[in-house]
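Trainee: I am new to this one. Could we look at it together, feature by feature?

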Amino acid sequence: MRIVSWNVRRATQESGVWPLLSQLDPDIALLQEVGSLPLDVGSKFNIEMRPATTKNGNAQKFGTAILTKGRFLGDLSLSSKHGWVNAERFGITSAM
C-alpha cells in the first residue's frame, strides 16, 4: 500500500502537483492546504475534503483532503483524542 502525506501549499486545479500525484499513484493521499482539486481527481479517488479554519473558526480558502482508491466505510470526523489538537482544528481559544 502506498500512502502519501503532502502539504501542497494551496495548490489549485491548475497546479503542477496533480500530475506528480498521479505519477506517485498512492492508495491514500493525505493532502494539506488544498486550494482546489481538478475534476479528474474525482475519477481516480474517493474524496473527503474539509476547509481549514482560522483561530476564530472562520473557513479559510484552502483545506485538508483525504483521497482514497477504496471507499470510506463511514463518516470521517477528522478529530483527535488529544484536546489541544481539536482546539487547533476547531478554533477553540479557551484555556485547557
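This is a predicted model: local features need pLDDT of at least 70, side-chain atom pairs count only at pLDDT 80 or more; totals for chains, interfaces and linings use all residues.

Trainee: Are Asp 40 and Lys 44 buried, exposed or partly exposed?
Mentor: The classes rest on relative accessible area: under 20% is buried, over 50% is exposed, and partly exposed is in between (1.4 Å probe, protein chains only). Asp 40 is partly exposed because its value is 41%. Lys 44, at 43%, is partly exposed as well.

Trainee: How many salt bridges does the rule give?
Mentor: The count is four. One of them joins Glu 33 to Arg 10, at 3.9 Å from N to O. That pair links distant parts of the chain, since Glu 33 is in strand 2 and Arg 10 in strand 1, 23 residues apart. Helices (H or I, at least four residues) and strands (E, at least two) are DSSP runs, numbered from the N terminus. Glu 33 has a relative accessible area of 26%, so Glu 33 is partly exposed.

Trainee: What does Glu 48 meet in a salt bridge?
Mentor: The partner is Arg 50, at 2.9 Å from N to O. The two side chains also make a polar contact at 2.9 Å. A polar contact is a pair of N or O atoms within 3.5 Å; within protein, one must be able to donate a hydrogen and the other to accept it, and residues adjacent in sequence count only if both atoms are side-chain atoms. Glu 48 is partly exposed because its relative accessible area is 23%, and Arg 50 is partly exposed at 26%.

Trainee: Where does Glu 48 lie?
Mentor: Glu 48 is in strand 3, residues 46-53.

Trainee: How do I read the pairing of strand 1 and strand 2: parallel or antiparallel?
Mentor: Two strands pair if DSSP finds at least two bridges between them. Strand 1 and strand 2 run parallel and are joined by six bridges. Between them the chain passes through helix 1 (residues 17-24), and this β-α-β crossover is right-handed. The word means that, with the strands pointing away from the viewer, the path from the first strand over the helix to the second runs clockwise. Ala 11 has Val 34 of strand 2 as its bridge partner, and Val 4 has Ala 29.

Trainee: How many bridges join strand 2 to strand 4?
Mentor: Five, and these two strands run antiparallel. Ala 29 stands opposite Leu 67 in strand 4. Thr 68 is also placed in strand 4. Thr 68 is buried because its relative accessible area is 10%, and its side chain reaches the backbone oxygen of Gly 70 at 2.5 Å.

Trainee: Which residues form a nonpolar patch on the surface?
Mentor: Patches are made of residues with over 30% relative accessible area and no salt bridge; like charges are joined within 9 Å, nonpolar side chains (Val, Leu, Ile, Met, Phe, Trp, Tyr) within 5 Å. In this model Met 1, Ile 3 and Leu 30 form one, with about 340 Å² of accessible area together. Such areas come from the Shrake-Rupley method with a 1.4 Å probe; for residues, only the protein chains shown count as cover. Leu 30 sits in strand 2, residues 28-34. Leu 30 counts as partly exposed because its relative accessibility is 31%.

Conventions
Residues are numbered from 1 along each chain as its sequence is written. Side-chain values use heavy atoms; hydrogens and water are left out. A salt bridge is a side-chain nitrogen of Lys or Arg within 4 Å of a carboxyl oxygen of Asp or Glu.
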